[in-house]
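This briefing goes through a structure for a reader who has not seen it before. Please look over the sequence and the 3D view first, then read the points by topic.

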Amino acid sequence: MTQAPDLAPPPTLEVRGGRKNFGAVHALRGVDLVARAGEVTALVGDNGAGKSTMIKCVAGIYPFDAGDVLFEGQTTHISSPADANELGIEVVYQDLALCDNLDIVHNMFLGRELKKGFRLDESAMETRAAEVLASLSVRTVRSIRQHVASLSGGQRQTVAIARAVLWNSKLVILDEPTAALGVAQTEQVLQLVRRLADAGLAVVLVSHNMNDVFEVADSINVLYLGQTAAQIRTKDTSRMEVIELITSGSAGMPAGAVAPRPSPDAPERATRVASATATTSDATTTTNGSTSA
Amino acid sequence: MSTSTVPEAPTAPSLLAGSVEQPTFGEAIGNYVRKVRGGDMGSLPAILALAVLILAFVVMKPETFPSTLNIANLFQQGAVVVTIAMGLVFVLLLGEIDLSAGFASGVCGAILATGLTAYGWPWYLALAAALATGIVIGLLIGTLVARVGIPSFVTTLAAFLAFQGVVLLIIGAGGNISITDPVIVALQNKNVPPLLGWAMAIVAVLAYAGSSLRTWQLRRRRGLVAAPLGMVVVKIVALSLVVIGMVAILNQERSLNPLRTSIIGVPIVVPLIVTLALILGFVLTRTAFGRHIYAVGGNAEATRRAGINVKAVKMACFTICSFMAAIAGILAASRATSVDPNAGGSNVLLYAVGAAVIGGTSLFGGKGRIVDALIGGAVIAVIDNGMALLGYSAGIKYVVTGAVLAAAAAVDAISRRRARATGRG
Ligand SMILES: Nc1ncnc2c1ncn2[C@@H]1O[C@H](COP(=O)(O)OP(=O)(O)OP(=O)(O)O)[C@@H](O)[C@H]1O
Ligand SMILES: [Mg+2]
């Protein structure tokens with residue numbers, strides 16, 4: 001993968017200092033995220049760290065209370081799912097949202113059917129669906145006219161993802177797409193995620209699985225207790241460090257050292273981000289060998 | 001990290017990208033058998049049951065059951081139930097139920113009758129009032145179910161009771177409003193002139209043949225999987241034989257005393273129901289709205305996230321159901337040439353639900369077709385008619401029809417379980 005993060009055009013999505021309260025619960029207390037076209041950005045963090053909340057804010061389910069959202073360099077305000085769709089943001093939710101009683105084509109076009117006057121344009125939809133699946137190199141589906149109920153978990157994820165990229169979307173967000181999948185199917189879906197990025201889309205991947213993250217992500221964003229602990233290039237970090245960031249919110253300790261409990265307040269965060277990136281460039285080689293089995 | 005190391009997915013079983021293999025005739029039949037085995041039986045059980053029933057009644061009552069008079073009679077008897085059943089398919093597809101459809105038809109019939117007799121309205125005004133009543137009823141039920149959120153079972157059970165009362169209030173206990181308007185009476189008692197009947201049959205057959213051949217050709221040209229041509233032709237021939245055979249039978253003189261009154265031609269209600277079925281079938285299978293109905297029945301949350309207004313879809317389905325009930329109420333009034341306080345009561349609703357379910361529409365939502373209502377309605381009409389000819393009492397008829405409905409619901413439940421196990425929707 002070629003990377004020129006600093007000279008490249010503005011990132012597809014950038015969140016700066018995003019905050020979100022649910023009453024007294026401070027779910028997000030300052031999150032930063034950069035997702036670039038052509039890259040997979042992993043979003044990791046412990047249970048309750050705020051990953052799903054952050055995604056929902058970006059998807060327009062509920063907006064951020066404070067902070068800036070920049071889409072392709074422009075400040076935007078996403079206040080509904082329709083706004084997000086209009087910008088080219090598509091979300092693949094963890095619980096998939098497919099209709100079992102409809103076939104693949106119908107699911108891919110649900111809510112945005114192609115029409116000729118009153119009538120559904122079935123053959124146009126079928127042709128387009130086949131093109132998209134082929135462009136994603138999906139070849140494991142027997143027929144695109146089969147009901148979604150007859151698909152395996154991985155194939156269903158594939159359909160959900162294909163549905164998301166059908167609408168020349170620019171940013172695809174996947175919430176734990178491999179959580180329920182076996183080894184082979186996880187591999188399939190990860191390859192698909194990689195191909196999306198290689199096709200020029202910005203991809204945000206939420207995952208708890210370090211293997212997945214290190215296999216496909218170009219950049220890793222760690223949330224800790226509603227704050228961004230760090231966003232690091234995958235090649236500049238190691239599993240150990242990311243796990244440390246996830247569990248303690250800071251890294252940079254010599255391997256094996258016990259990380260001190262951080263006090264989770266904002267000023268410290270900036271330095272953590274900086275130090276994390278600075279101190280770990282030596283970990284590059286160890287993280288890359290294990291990718292793409 | 002380099003993408004070139006990402007292995008290409010296996011390329012073997014692809015029917016996707018352009019190079020589609022078209023199935024042969026044998027393969028198409030094999031696919032169908034596999035589909036049925038997998039639990040997706042569609043109308044097959046109902047068609048088999050229909051064949052067995054017809055055969056049995058023909059054997060037991062060879063002189064009356066297959067007579068042209070009785071065949072015409074069957075259509076007129078089945079019309080009311082089939083019409084309600086077609087509307088119910090929309091509600092059943094959502095995974096909901098409308099128990100009030102029977103008495104909704106009664107209310108609309110009562111409105112029609114009072115409009116004609118008490119107010120002396122012309123037939124078209126009374127007809128419009130009855131249909132409008134159906135729409136209002138549907139919007140009311142739809143609001144209670146979709147917006148207020150009362151389960152449809154409870155909402156429509158309440159409406160069932162209330163509408164029964166409304167019919168009683170309009171007609172008056174023990175009352176009976178007779179209908180003499182020639183247009184309304186003609187709907188269920190007059191026939192299409194034989195030549196017009198033939199013309200309609202030929203147009204219908206040609207239209208079906210033309211459209212299915214065109215679809216086939218279009219799909220082939222676009223490189224999409226299409227049923228083999230042989231299969232398309234077999235379907236066209238089968239449909240033509242049924243349509244032409246029926247018209248030939250119904251165009252024979254069937255009056256018991258042809259010198260006094262001549263009864264000849266296809267009953268007017270037949271093209272009426274065929275037209276309704278074509279329109280509703282088109283809505284269900286060829287429009288985005290129809291697709292959304294199936295989607296709501298399959299996964300309402302997914303449909304909502306896809307940006308579809310689920311509440312509006314539900315409202316529309318309940319409205320269509322009650323509108324069809326209104327048409328059924330008009331047909332019932334026409335057939336009886338009167339409306340009494342029990343209009344739309346007794347077995348009407350259960351026969352209609354039975355027709356849809358026997359035909360293959362699932363009570364669990366997401367699966368069903370308009371043609372199910374027609375086939376299931378035929379089964380019910382044949383049982384009702386045949387057993388009456390055999391001289392069985394109403395009691396036995398109800399027991400048998402109830403048993404058939406239970407059997408159909410069991411087939412539905414079992415095939416659903418089987419479909420789950422074999423991974424078909
Ligand atoms: N609608 C809500 N109302 C109140 N609190 C909420 C709401 N949604 C999320 N939270 C809180 O916000 C915090 C972040 O939750 P979130 O679901 O974003 O975590 P997550 O990182 O996605 O966790 P997981 O890995 O378990 O999915 C949690 O403390 C949660 O209790
Ligand atoms: Mg979550």
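Predicted model: local features only at pLDDT ≥ 70, side-chain atom pairs only at ≥ 80, totals over all residues.

The shell around ligand 1 consists, by class, of three nonpolar, six polar and three charged residues.

- The residues around ligand 1 include a run made up of A:Asp46, A:Asn47, A:Gly48, A:Ala49, A:Gly50, A:Lys51, A:Ser52 and A:Thr53.
- Also around ligand 1 are A:Phe22, A:Ala27, A:Glu176 and A:His208.
- Helix H1 of chain A, residues 51-59, contributes three residues to the shell around ligand 1, and this is the most that any element gives.
- A polar backbone atom of A:Gly48 lies 2.8 Å from an oxygen atom of ligand 1.
- For A:Ala49, a polar backbone atom is 3.3 Å from an oxygen atom of the ligand.
- With A:Ser52 the side chain is involved: one of its N or O atoms is 2.8 Å from an oxygen atom of ligand 1.
- Ligand 1 taken alone exposes 640 Å², and 61% of that is buried by the protein.

**The four-stranded sheet**

- Four strands of chain A make an open sheet with antiparallel pairing, in the order S2-S1-S4-S5.
- Strand S2 (25-35) and strand S5 (74-76) of chain A each have a single partner strand, so they stand at the edges and one side of each has no neighbour in the sheet.
- On average, neighbouring strands of this sheet are turned by 30° against each other, direction ignored.
- S1(A) pairs with S2(A) in the antiparallel sense, and eight bridges join the two.
- Within that pairing, A:Leu13 has A:Ala35 of S2(A) as its bridge partner, while A:Phe22 stands opposite A:Val25 of S2(A).
- A:Phe22 is also one of the residues around ligand 1.
- The hairpin of S1(A) and S2(A) has two residues between the strands, and A:Gly23 takes a positive phi near 60° there.
- Strand S1 (residues 13-22) and strand S4 (residues 66-71) of chain A run antiparallel and are joined by five bridges.
- A:Glu14 has A:Leu70 of S4(A) as its bridge partner, and A:Arg16 has A:Asp68 of S4(A).
- H1(A) lies across S1 and S2 of chain A and runs at about 65° to S2(A).

**The six-stranded sheet**

- An open sheet of six strands in chain A has the order S6-S9-S10-S3-S11-S12, with mixed pairing.
- At the edges are strand S6 (89-92) and strand S12 (227-233) of chain A; each has a single partner strand, so one side of each is left without a neighbour in the sheet.
- From one strand to the next, the twist averages 20°.
- Strand S3 (residues 40-45) of chain A pairs in the parallel sense with strand S11 (residues 219-224) of chain A, and the pairing has five bridges.
- A:Thr41 stands opposite A:Ser219 of S11(A).
- Helix H5 of chain A (residues 153-165) lies across S6 and strand S9 (171-175) of chain A, and runs at about 170° to S6(A).

Note on methods
Residues numbered from 1 in each chain as written. Chains lettered and ligands numbered in written order. Heavy atoms only, no water. Near = heavy atom within 4 Å. Polar contact = N/O pair within 3.5 Å; in protein donor to acceptor, adjacent residues only side chain to side chain. Areas by Shrake-Rupley, 256 points an atom, 1.4 Å probe, with all protein chains shown as cover. Nonpolar A, V, L, I, M, F, W, Y, C, P; charged D, E, K, R; others polar. Pairing = 2+ DSSP bridges. Axes fitted to C-alpha atoms, helices over the stretch in contact; angles between N-to-C directions. Contact = heavy atoms within 4.5 Å.
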